[in-house]
Amino acid sequence: MRNFPLPPWSGLIDSRERGGGPARGELKIMGYTIAEKILAEKSGVEAKAGHLVVADIDVIMAHDSLGPMALEALAEMGDIAIPHPERICFMNDHLVPAPARNYAQLQKQMRDFARQWGIRQHAVGEGICHQLLVEKEVRPGQIAIGTDSHTCMAGALNAFATGVGSTDVAAAMATGQLWFKVPETIKILLQGTLPPGVFAKDLILFLIGKLTEDGANYQAVELTGETISSLSMGSRFTICNMGIEMGAKAAIMEADEATRRWLSKNGTPGPVKPVKPDANAIYSRTLEYQVSKLEPQIAKPHKVDNTVPLKEAAGTPIHEVVIGTCTNGRLEDLETAAAILKGRRIAPDMRLIVIPASRTILLEAMEQGVMRTLVQAGAMVLAPGCGPCVGVHGGVPADGENVLSTANRNFKGRMGNPNANIFLGSPAAAAAAALEGKIVDPRKYLG
Amino acid sequence: MDLKGKAHKFEDDINTDYIMSSRHRTQTLDYTQLAKHLMEDIRPGFYSSVQAGDFIVAGKNFGCGSSREYAPKIIKAGGISAILAKTFARIFYRNAINLGLPLVECDTDQISEGDVLRVNLVRGEVFNETHGTSIQAQPMPEFMVTLLNEGGTANFIRRHGKFQVPKGKG
């Protein structure tokens, strides 16, 4: 009989996955990962990789696309009160402003439900759910769940943040809790600082190419090392956002001074109690990379792990460019694009779509003249939202066309046309492609 | 009780966009209607080829990508009785079990397009009637079987009010 790995929810840990060492808990000296510490704190029991635990959920997020299905599931759960409405937030980002009558109705249903139960509702136009989670909802040490796979972005704030489905969110709304299998953790240790013209997006595309699409399935990843310490919070969000593209349940970073500063200026202020991994924590794997010679990367169609150094895709014609989204819609991303586009004009017939991640970012970019530069260069600016990224609202490419997007997925049909191709790259690579109508190394535009 | 049906074979890494593109949801939100678009971007005409009770049989990492729960929901609405794959993406796994759609992890290389299969979920047995061979699958963990037997998570919460997982496992 073939020897298959244990099933994902077996509640048992396979010691082979940990190199055959002693199971944690047998020896007091064995340490814990960040994910294990947060899950233990929130479930009130020891949480070793492989355990099933029921944990209190601090932040329960539902958005306009999958939240209505959570309300359906909630109705199936019977006559249930919402015990902790203060832990719930509703977001409006997937189809905003509503492109069709059925979605307009769903958004109204969400608004009515929120009003009935006293649930926080972030209005249409406020921002993309992942950006609003970090700006307004999530704190270090918390557990956040959301009806969106990229909820892992909030792990950059030293939280256990994970995407789930609508029924899971409904169950958490009804009980304040959710069950988890405590994940194994892969430690990714990053040494060196990124060279000029190479960005967080290039780094995470490189890592996804290395780990592959399911390399971290069922597992958490801890991203650590001097590279992460040197990065802005915006860059850290880009990296954690794409943790799911290697299958990760959570992508977690430690909290440092940059985290504290960002939280007090841009996020939810308050004392920060960082959750650090123990020095002797047990990891399923430890991967170490030196990044100081990393080059710009591109993910080619139709898989995110189909990454190559940008130079190998150079010259590919590009007909549409998307800059922004939850993945790369921070001020620093828009500034990078503006630095390249300033005083220039995009290629003829190019569609350049810019989507800031939140209203706050849009306002900052307006105040600093970044938006003016982008629009003068030929950009169209959309309201903060997901529309083009998920192929439901604006920016659908034509048959045979190529898109270079700073978003997080390039699956066939993702942007609404299965006969188009999507390439993923940094905001710099995207801006350079918008100028030349083809994939080019953006470093020639960056002094 | 055994499930019996025909295998529809798919490759590795079938993501939620391939199961169904989001673009159809601006037209209708009716799951039965949406099911007609099942797998259409990668296999046009798939929905019409499914008979109630059939299986989707795939390689590794089935259901990767989005957390959209309508992916397993329309697979169920399309008449598929269970999905067999080498591995499943995590969020899809949760969503399917939550909805009461059984998943079987096994060596799917031993199954070909059109094979007639008999599946026993509790024992984790897959019998390939076309080839006359048996494949041992991982029996489902007790907690998952409980959720499936209760008709999914919504029914579980309605009956029990909260989650209880077996203590002391691990």
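**View 1. Contacts and overall form of chain B.** In chain B, 63% of the contacts with a separation of 6 or more are between residues 24 or more positions apart, where two residues are in contact if their C-beta atoms, placed from the backbone, lie within 7 Å. This is a predicted model, in which local features need pLDDT of at least 70 and side-chain atom pairs count only at pLDDT 80 or more, while totals for chains, interfaces and linings use all residues. Residues are numbered from 1 along each chain as its sequence is written, and chains are lettered from A, and ligands numbered from 1, in the order in which they are written. Chain B contains seven helices and seven strands, these being DSSP runs numbered from the N terminus (helices H or I, at least four residues; strands E, at least two). The radius of gyration of chain B, taken over C-alpha atoms, is 16 Å, close to the 15 Å that the globule rule (2.2 Å times the number of residues to the power 0.38) gives for 170 residues, so chain B is as compact as a globular protein of that length. Of these 170 residues, 51% count as buried, a class that requires 20 or more other C-beta atoms within 10 Å of the residue's own, whereas exposed means 12 or fewer and partly exposed lies in between.

**View 2. The loop around Glu11(B).** Glu11(B) lies in the loop between strand S1 (3-9) and helix H1 (16-19) of chain B, and it is exposed, with 11 other C-beta atoms within 10 Å. Leaving aside neighbours within four places in sequence, Glu11(B) is in contact with Ala58(B) and Gly59(B). Val57(B) is 46 residues from Glu11(B) in sequence, and their C-alpha atoms are 8.4 Å apart in space.

View 3. Strands S5 (residues 116-120) and S6 (residues 125-128) of chain B run antiparallel and are joined by four bridges, two strands being paired if DSSP finds at least two bridges between them. Asn120(B) has Glu125(B) in S6(B) as its bridge partner, and the hairpin of S5(B) and S6(B) leaves four residues between the strands, with Gly124(B) in the turn having a positive phi of about 70°. Four bridges also join S6(B) to the antiparallel strand S7 (residues 133-136) of chain B, where Thr133(B) is the bridge partner of Asn128(B). S6(B) and S7(B) likewise form a hairpin with four residues between them, and Gly132(B) in its turn has a positive phi of about 70°.
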